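Hello, and thanks for passing this one along. Below are my notes as numbered points, to be read with the viewer open.

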Amino acid sequence: MGTMWRVATILVFLFGLSLGCDDNDVAAYKVTVRTLWSEETFPKDYPQYRPRAQWSQVFGQSHNTSYALFRIGETARPSVRQFAQTGKLDDLVDEGDDEPKVYDQFSAPAIGKGVGVTENMVFVNGEHSLVSLMARIIPSPDWFVGVDSINLCVDSSWVDEVTLDLDPLDAGAASGLTFTAPRWDTTPPEAVFRHKPRHPNHPASGFYYPQLRELPTIAKVEFTKVTTSRA
Ligand SMILES: *[C@@H]1O[C@H](CO)[C@@H](O)[C@H](O)[C@H]1NC(C)=O
């Protein structure tokens with residue numbers, strides 16, 4: 001057993017060295033968020049003015065497996081609910097600064113229309129190779145798009161490029177059904193959930209498209225490896 005363990009350790013070590021996301025190896029990724037919230041694709045109640053359809057800043061973090069920014073099916077913490085409801089980042093940033101499970105934090109500029117693109121960079125290392133991010137849908141009670149823990153180190157190697165399709169999520173913090181509903185706090189908050197054509201199953205619901213099986217993709221995020229180095 002002892003020998004097996006040592007052999008396994010040496011193999012993992014060699015593999016890590018040759019392929020490059022060993023614990024201390026650092027990689028930089030460009031994060032590009034493309035939003036696809038057009039009136040053509042999402043005609044129901046498409047917000048035209050005060051405010052017209054747009055997006056908050058994107059906020060993201062790299063972290064290890066002991067940490068989640070948010071998780072579908074779990075109640076979001078207050079800083080996440082606040083960002084989803086108001087677009088305010090201060091508490092999230094402060095918490096992240098103090099959190100040893102978080103390696104890097106970034107934000108990308110807001111997009112003033114439903115359809116647009118924004119980008120920034122994120123640093124990951126072998127011990128913190130997961131990335132999560134969020135952007136608030138404006139106007140909305142507490143809806144957002146997000147990524148929970150995409151791993152950029154796969155089979156001991158940094159992923160070159162990966163693109164994810166994003167769906168609208170609900171932070172469970174406010175109970176309005178429509179984009180412009182007055183914001184009633186949900187007390188206690190509910191778990192984060194994914195909007196679907198019939199969920200919430202109410203004709204007033206902003207993403208209610210009973211004739212569709214799935215919602216069109218409302219945003220995409222692309223991670224592109226830019227540099228890697230050995231610390
Ligand atoms: C994540 O990071 C924290 C802080 O450094 C550490 O205590 C924890 O063990 C790490 N989790 C894993 C799975 O390595």
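Which residue in S12 is the bridge partner of Val26? Ser229 in S12 is the bridge partner of Val26. Please keep in mind throughout that this is a predicted model.

1. **The four-strand sheet.** Four strands make up an open sheet, ordered S4-S1-S12-S9 and paired in the antiparallel sense. The edges are taken by strand S4 (115–125) and strand S9 (161–166); each has a single partner strand, so one side of each is left without a neighbour in the sheet. On average, and with direction ignored, neighbouring strands of this sheet are turned by 20 degrees against each other.

2. **Strand S1 and its two partners.** Strand S1 covers residues 25–36, and eleven bridges join it to S4 in an antiparallel arrangement.

3. **Strand S9 against S12.** How many bridges join S9 to S12? There are six, and the two strands run antiparallel. Among the residue pairs, Asp165 has Lys220 in S12 as its bridge partner.

4. **The six-strand sheet.** A further open sheet has six strands in the order S3-S2-S5-S6-S10-S11, with antiparallel pairing. Strand S3 (102–108) and S11 are its edge strands, and each of them pairs on one side only.

5. **Strand S5 and its neighbours.** Strand S5 spans residues 130–138 and is mostly covered, with nine of its nine residues buried. Its pairing with strand S2 (residues 54–63) is antiparallel and runs over eight bridges; in that pairing, Trp55 has Ile137 in S5 as its bridge partner. With S6, S5 pairs in the antiparallel sense over six bridges, and Leu130 stands opposite Asn151 in S6. S5 and S6 form a hairpin, with four residues between the two strands.

6. **From S6 to S10.** Strand S6 (residues 143–151) is joined to S10 by two bridges, and these strands run antiparallel. Here Phe144 has Leu169 in S10 as its bridge partner.

7. Is Ala171 buried or exposed? Its relative accessible area is 0%, so Ala171 is buried. Ala171 and Pro141 lie 30 residues apart in sequence, and their C-alpha atoms are 9.0 Å apart in space. Thr186 is found in the loop between S10 and S11 as well. With a relative accessible area of 15%, Thr186 counts as buried, because the cut-off for that label is under 20%. The side chain of Thr186 reaches the backbone nitrogen of Ala174 at 3.4 Å.

8. **The loop between S11 and S12.** Pro197 has its place in the loop between S11 and S12. Pro197 is buried, with a relative accessible area of 5%. Between the C-alpha atoms of Pro197 and Gln211 there is a separation of 7.8 Å, while along the chain the two are 14 residues apart.

9. **The ligand site.** Which residues are around the ligand? They are Asn64, Thr65, Ser66, Pro100 and Lys101. By type, this shell divides into one nonpolar, three polar and one charged residue. A polar side-chain atom of Asn64 is 2.3 Å from an oxygen atom of the ligand, and a polar side-chain atom of Ser66 is 2.6 Å from a nitrogen atom of the ligand. The ligand taken alone exposes 360 Å², of which the protein buries 44%.

Note on methods: Residues are numbered from 1 along each chain as its sequence is written. This is a predicted model: local features need pLDDT of at least 70, side-chain atom pairs count only at pLDDT 80 or more; totals for chains, interfaces and linings use all residues. Side-chain values use heavy atoms; hydrogens and water are left out. Two strands pair if DSSP finds at least two bridges between them. Axes are lines fitted to C-alpha atoms, for helices over the stretch in contact, and angles run from 0 to 180 degrees between N-to-C directions. A residue is near a molecule or strand if one of its heavy atoms lies within 4 Å of it. A polar contact is a pair of N or O atoms within 3.5 Å; within protein, one must be able to donate a hydrogen and the other to accept it, and residues adjacent in sequence count only if both atoms are side-chain atoms. Accessible areas come from the Shrake-Rupley method with a 1.4 Å probe; for residues, only the protein chains shown count as cover. Ala, Val, Leu, Ile, Met, Phe, Trp, Tyr, Cys and Pro count as nonpolar, Asp, Glu, Lys and Arg as charged, and the others, Gly among them, as polar. Buried means under 20% relative accessible area, exposed over 50%, partly exposed in between (1.4 Å probe, protein chains only).
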